[in-house]
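Morning, everyone. Let me put the model up, and then I'll walk you through it.

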Amino acid sequence: MLEQSELQFIKAEAGKTCPHCGGEVIGRSDKVYCSSGCSKHAWREANPDKHRASCRKSSKKWKRANPEKVRAQKKRHYEANTEQLKAKNKKWKRANPEKVREHVRKSSKKWYKANPEKAKAKKHRRRARLKGNGIEDTSEFRARMTHPLVRQVCFYCGVDCTGNFHWDHRIPIAAGGPDAEWNLVIACPTCNLKKGAKVPKTLFAEEIFNEP
C-alpha cells in the first residue's frame, strides 16, 4: 500500500499538457501547469489589474527603502535620454497649461514657506529690478546677519529684535534705493513701519522717529 507522501506525487495523466505553454505536465495528479513560472504568467494574464496594483505597491515600497538608488537611476535615465525627455516635457506643458500653472503655484508656495529669508530677498530684488534701481547679490550679507549665533539689533532704536525683525532699505526702493548691501539694515517692526517709504536725512533717521 502506498504511503501518503507517495500518493501526493502520482504521475499526472498521460498526455496532459500545460494550458499556458503546451509543455508536458509532470507531478501531482491535480497539477495544472508544468511549472510555477507558467502558473504565475497565467495568473497575471487573467488578473491584469491586480498584477499592476501589486507591482505599483512593490515599486513604492522599494523606492521608499532605496532613495539614493532611485535618484541615481533617474539621473542615469535623464543623461541617456536628455533630448527626448525635454521634447516630451515641452509637449506636455503646451497641452496642459492649467496643470503647469497649478504645479508652479503649489511649488512656489511650498518654497516660500520653507525659505522665508530667501523669499524676502527675492521680492526685494524683483521690486528694485522693476524700478531700475540697481541690484546686488546680498545673499552672503543676509546669511551673516541672520546666523543663529548673531543677535538681530534694530539699526534705528537699538532694541533686540532677534527672530522678529524686518529688512529695511535705508533709501526705500519706492524712492529709488537699490537692493544692495550698503542700503540694507535690520530694523524692528515698529521702526520699519513708522519709517515706511520716507528717505532719512540723517544716519539714524532721527528726524523721522522724533516726529510728534
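Some terms before the helices. An axis here is a line fitted to C-alpha atoms, for helices over the stretch in contact, and angles run from 0 to 180 degrees between N-to-C directions. Helices (H or I, at least four residues) and strands (E, at least two) are DSSP runs, numbered from the N terminus.

Now the ground rules. This is a predicted model, where local features need pLDDT of at least 70, side-chain atom pairs count only at pLDDT 80 or more, and totals for chains, interfaces and linings use all residues. Residues are numbered from 1 along each chain as its sequence is written, and side-chain values use heavy atoms, with hydrogens and water left out.

Start with the overall picture. The protein has 10 helices and 2 strands. From the N terminus, the order is α-α-α-α-α-α-α-α-β-β-α-α. Along the principal axes, the C-alpha atoms fill a box of roughly 115 × 40 × 30 Å. The radius of gyration, taken over C-alpha atoms, is 35 Å, whereas a compact globule of 212 residues would have one near 17 Å. That globule rule is 2.2 Å times the number of residues to the power 0.38.

How much of the protein is buried? Buried residues make up 22% of the 212. Buried means under 20% relative accessible area, exposed means over 50%, and partly exposed is in between (1.4 Å probe, protein chains only).

On to helix packing. Helix α2 (residues 36–46) packs against helix α3 (residues 48–65) at about 105 degrees, with the axes 5 Å apart. The two are therefore roughly perpendicular. The angle classes are: under 35 degrees roughly parallel, over 145 roughly antiparallel, 65 to 115 roughly perpendicular, and the rest oblique. W43, R44, E45 and A46 of α2 make the contact with P48, K50 and H51 of α3. Contact means heavy atoms within 4.5 Å. By class, the α2 and α3 contact residues are 3 nonpolar, 1 polar and 3 charged. Ala, Val, Leu, Ile, Met, Phe, Trp, Tyr, Cys and Pro count as nonpolar; Asp, Glu, Lys and Arg as charged; the others, Gly among them, as polar.

Next pair. Helix α4 (residues 67–80) and helix α5 (residues 82–95) pack at about 90 degrees, axes 5 Å apart. So α4 and α5 are roughly perpendicular too. On the α4 side, H77, Y78, E79 and A80 meet T82, L85 and K86 of α5. That contact has 3 nonpolar, 2 polar and 2 charged residues.

R142 sits in helix α8 (residues 139–145). Is R142 buried or exposed? R142 is buried, at 5% relative accessible area. Setting aside neighbours within four places in sequence, R142 contacts K120, A121, H124, W167, D179 and L184.

N183 is in the loop between β1 (166–169) and β2 (184–187). N183 is buried, with 0% relative accessibility. What does N183 touch? Not counting residues up to four places away in sequence, N183 touches D168, H169, R170, I171, G177 and P178.

Last one. A205 is in the loop between α9 (189–195) and α10 (206–209). A205 is buried as well, at 0%. Its phi is near 55 degrees, a positive value in a residue other than glycine. Most residues other than glycine have a negative phi.
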